Amino acid sequence: MKPIELITQVLELIAALAAAPLFLGWINQCRAWLQNRRAPSLWLPYRGIRKLFHKDAVIAERASPLFRVAPYIVFSAMVVAAGIIPSMGTELPFTNAADAIALVGLLATARVFLSLAAMDIGTAFGTLGARREMMVGFLAEPALLMVIFVASLISATTALPAITENLATQHLGLYPSLAFTAVAFTMVLLAENARIPIDNPATHLELTMIHEAMLLEYSARHLALMEWAAALKLFNYACIGFALFIPWGVSTGEGGPGALLASIPLLAAKLAVAGVVLALIETLSAKLRVFRAPEYLAVAFLFAVLGMLVHLLLGA
Amino acid sequence: MVGVPFDLQLLNLCAALLLLLSFAMLAQRRIVNLVNLLAVQGAVLLAATLLLAWRTGQNHLYVSAALTLALKVVLLPWILHRLIRRLEVYWDTEPLLNIPGTMLVGVLVVVFAFGLAQPISALASTATRNSIGIAVAVILLSFVTMITRRKAMSQVVGFLSMENGLFFGAMSATYGMPMIVEFGVALDVLVAVLVLGIFFFQIREQFDSLDLHHLESLKESHSLEVTGSLEVDD
């Protein structure tokens, strides 16, 4: 293992941990601007997390150990996922252990533990949220896998850094298949991160909530970890999107420290643009009824499958 | 993708867009949007025809591009929009299958079409032979659109979209049909839409609705039922 690889890996993990709440704050700020509200501070997510860490945790009497452990599992799953995704450089020592399919599995693990913990207490809201989350998850996961398969078919590997490197370095071409899958991926991203067409992140204690319903029983450091994990998940999804669809600027192969340094502002720029786009989509669309969610995710799956079919037929 | 010239990449993009538009039509329940999608499909077809004409230097393709522009992008959508306004049909009823179900059927149809087109593509010698599968898929998807709809209006849109698919298929397999056939088809389509427009008014006058399931029962059986009920009354 070369020192530069280790530096890239550590830098990526630190960047993910530090920048994830910032990304969330940026999206919230953009949304507020677009909706003619006064924007909350960019640092609000950090302050929320800090405040929660300083409080004493309250746990329900009937809570099993699973309830206490779940936040740590979910959080660490997201951190490991952040280590696999090539957001700055493709030479990552971690990625030899896990490819893109394992990454999807990692995200699924986090979801399963989150849902189990929500059902553990036995409140109506927790169970309801968990069931809805599983419904969204089981429909979104095939779409996400299809998206990854199209990119893997194009570059003949399922290792995410290799896909990124392949797409970033090859001759620039029009890929209708990648365009379709990019749409599918955006839809999956919105659904999986409890954003607006499926769930409204700005509401609390509503009958239609999904993600919030699962976190109702958590407090203090557990809640802080859960919220940090949610921010990390959004950050991870954004980085998967960059890795698959706008891979340019990531330091590859023989790039060296210069390329790695150059990739940091580029990642920041990509995140800034992605935040604006996400806020725009969320402002322009209305929340769907829960029963319409399968339709929405079926369309996402369809886009991904169409991308694959078009790739198989046209080779494009 | 390396080594594929840029105009061919654009043609592939057009083909992919045609497929996407077919799916959009399959999912769309508002008839006004359905007609708009048909117009967009015509426009993509126009772009593909122009690209192919420019690429191959086949001058007759410019004529058929002009025909596409006049007929499929401008005239037919205009006639259909007028019909919609005068008949006041804006929504199709719930399709026979729900939308996600229709989509999944659509995906299966596309897989079938691609398999069907494989041997044809192997025989063709044109640069766009890969698109034949997409053309077949567009045709079959239009079939599905026609099958799952109840309103006469959406069925006509499905029919026109099928014609678009056939045209695209001919284009990708042999760089377009002979001019005389193309003119004949164009005239047929135009007349068909005009005649169907008159039909719509007749159907609505007869049944007070454009729902085609009224046409499924035969007149004789209908009258038999009436006499039967009369006998019971006696």
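The model is predicted, so local features need pLDDT of at least 70 and side-chain atom pairs count only at pLDDT 80 or more, while totals for chains, interfaces and linings use all residues. Residues are numbered from 1 along each chain as its sequence is written, with chains lettered from A and ligands numbered from 1 in the order in which they are written. Helices (H or I, at least four residues) and strands (E, at least two) are DSSP runs, numbered from the N terminus.

**Two helices that pack in chain A**

- Helix H1 (residues 3-34) of chain A packs with helix H3 (residues 65-84) of chain A at about 130 degrees, their axes being 9 Å apart; axes are lines fitted to C-alpha atoms, for helices over the stretch in contact, and angles run from 0 to 180 degrees between N-to-C directions.
- That angle makes H1(A) oblique to H3(A), the class left over once angles under 35 degrees count as roughly parallel, over 145 as roughly antiparallel and 65 to 115 as roughly perpendicular.
- On the H1(A) side, Gln9(A), Glu12(A), Leu13(A), Ala16(A) and Leu17(A) meet Val79(A), Ala82(A) and Gly83(A) of H3(A); a contact puts two C-beta atoms, placed from the backbone, within 7 Å.
- By class, this contact has five nonpolar, two polar and one charged residues (Ala, Val, Leu, Ile, Met, Phe, Trp, Tyr, Cys and Pro are nonpolar, Asp, Glu, Lys and Arg charged, and the others, Gly among them, polar).

**Helix H10 of chain A**

- Helix H10 (residues 256-284) of chain A has 29 residues and reaches 42 Å from its first C-alpha to its last, close to the 42 Å expected, where the expected span is 1.5 Å times one less than the number of residues.
- Among its buried residues are Ser263(A), Leu267(A) and Lys270(A); buried means that 20 or more other C-beta atoms, placed from the backbone, lie within 10 Å of a residue's own.
- The buried residues of H10(A) pack against H1 and helix H9 (220-245) of chain A.

**Chain B**

- Chain B has eight helices and zero strands.
- Of its 234 residues, 36% count as buried.
- After H7(B) comes Asp208(B), with a positive phi near 65 degrees.

**Where the chains meet**

- In this interface, 17 residues of chain A are in contact with 21 residues of chain B.
- Helix H11 (residues 293-314) of chain A gives the largest share of chain A's side, 10 residues.
- That side of chain A divides into 13 nonpolar, three polar and one charged residues.

Notes:
Buried ≥ 20, exposed ≤ 12 C-beta atoms within 10 Å, placed from the backbone.
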